[in-house]
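Open the model in your viewer and keep the selection tool at hand. The tour goes stop by stop.

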Amino acid sequence: MLKIAVTKGRIQEQLILLLQKSGYDTQPIINMGRSLEVTTTDDLQFIFGKANDVVTFLEHGVVDIGFVGKDTLQESDFDDYYELFDLQVGQCYFALAAYPDFKNKTFHRRKRIASKYPKVAKAYFSNQKEDVEIIKLEGSVELGPVVGLSDAIIDIVETGNTLAANGLEIIEKISDISTRMIVNKASFRFKQQNILQMVTKFEKAGKIK
Ligand code: PRP
Ligand code: MG
């Protein structure tokens, strides 16, 4: 039996497609309605939850495997896991973005940076050896510059439409994001064969869509 935590919503839908393509039984997942836990005929037990909680479940060893976005992993303080597979879906990237005048502007104070990902933002600027003030927002981070709260943002960009619609542009692309399969290290030790079998099936199935 493998216990698997999956981020609800889009990642869940994409994983179902990958499982189907890999020859797994997905009917019980499709028919699960509002329940949050399900076991399939392949002896896989799935739970579905919020992205950060998927990492928490894996950290505490209540699941063997997690499916979660790289954005969540980068922001998490927990990194004692194996990342075994890139589903190559949900592709987007972290970027520093601002109004076009940001680049040539002289600041006589610390720059203010809004982000839903303060850890990622902090790491980026510490790498640049620049001391900035990071302001945490819960969403619609583009509002930072729009309302004059921040000089720039670090946020996820997919199509770039949200930035464009708000007059913002990419100053620098930071790192790529996509859905990843992560594995608890102790689980890997005890269930290595089972887990690697799943990875092989995913690799053979190829790219979803
Ligand atoms: C995400 C992200 C960007 C936008 C990127 O926000 O934070 O704002 O999508 O997509 P685009 O480049 O295709 O426009 P989301 O709408 O998920 O909500 P949130 O910011 O409120 O979390
Ligand atoms: Mg947004």
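In which strand does Leu96 lie? Select β6: Leu96 lies in that strand. Helices (H or I, at least four residues) and strands (E, at least two) are DSSP runs, numbered from the N terminus.

Before moving on, note that this is a predicted model, where local features need pLDDT of at least 70, side-chain atom pairs count only at pLDDT 80 or more, and totals for chains, interfaces and linings use all residues. Residues are numbered from 1 along each chain as its sequence is written, chains are lettered from A and ligands numbered from 1 in the order in which they are written, and side-chain values use heavy atoms, without hydrogens and water.

**Around Leu96**

Stay on Leu96. Its relative accessible area is 4%, so Leu96 is buried (buried means under 20% relative accessible area, exposed over 50%, partly exposed in between; 1.4 Å probe, protein chains only). Show the contacts of Leu96 (heavy atoms within 4.5 Å). Beyond neighbours within four places in sequence, they include Phe102, Tyr124, Phe125 and Ile171.

**Helix α5**

Select residues 118–127, helix α5. Val120, Ala121, Tyr124 and Phe125 are buried here. Turn to the face away from the buried side and find the exposed Lys122 and Asn127. Among the elements covering the buried residues are α4 (70–75), β6 (92–98) and β9 (152–157). Just after α5, stop at Lys129, with its positive phi of about 55 degrees.

**The cores**

Which residues have the most contacts inside the largest nonpolar core? Select Leu15, Phe46, Ile65, Phe67, Met181 and Phe202; the core has 29 residues. A nonpolar core is a set of buried Ala, Val, Leu, Ile, Met, Phe, Trp, Tyr and Cys residues joined through side-chain atoms within 4.5 Å. Elements supplying at least two of its residues include β1 (2–7), β3 (44–49) and α8 (185–205). The largest share, six residues, comes from α8. A second, separate core has 16 residues, including Cys92, Leu96, Tyr124 and Ile177.

**Out to the surface**

Finish at helix α6 (residues 143–147), where Val147 lies. Val147 counts as exposed because its relative accessibility is 58%.
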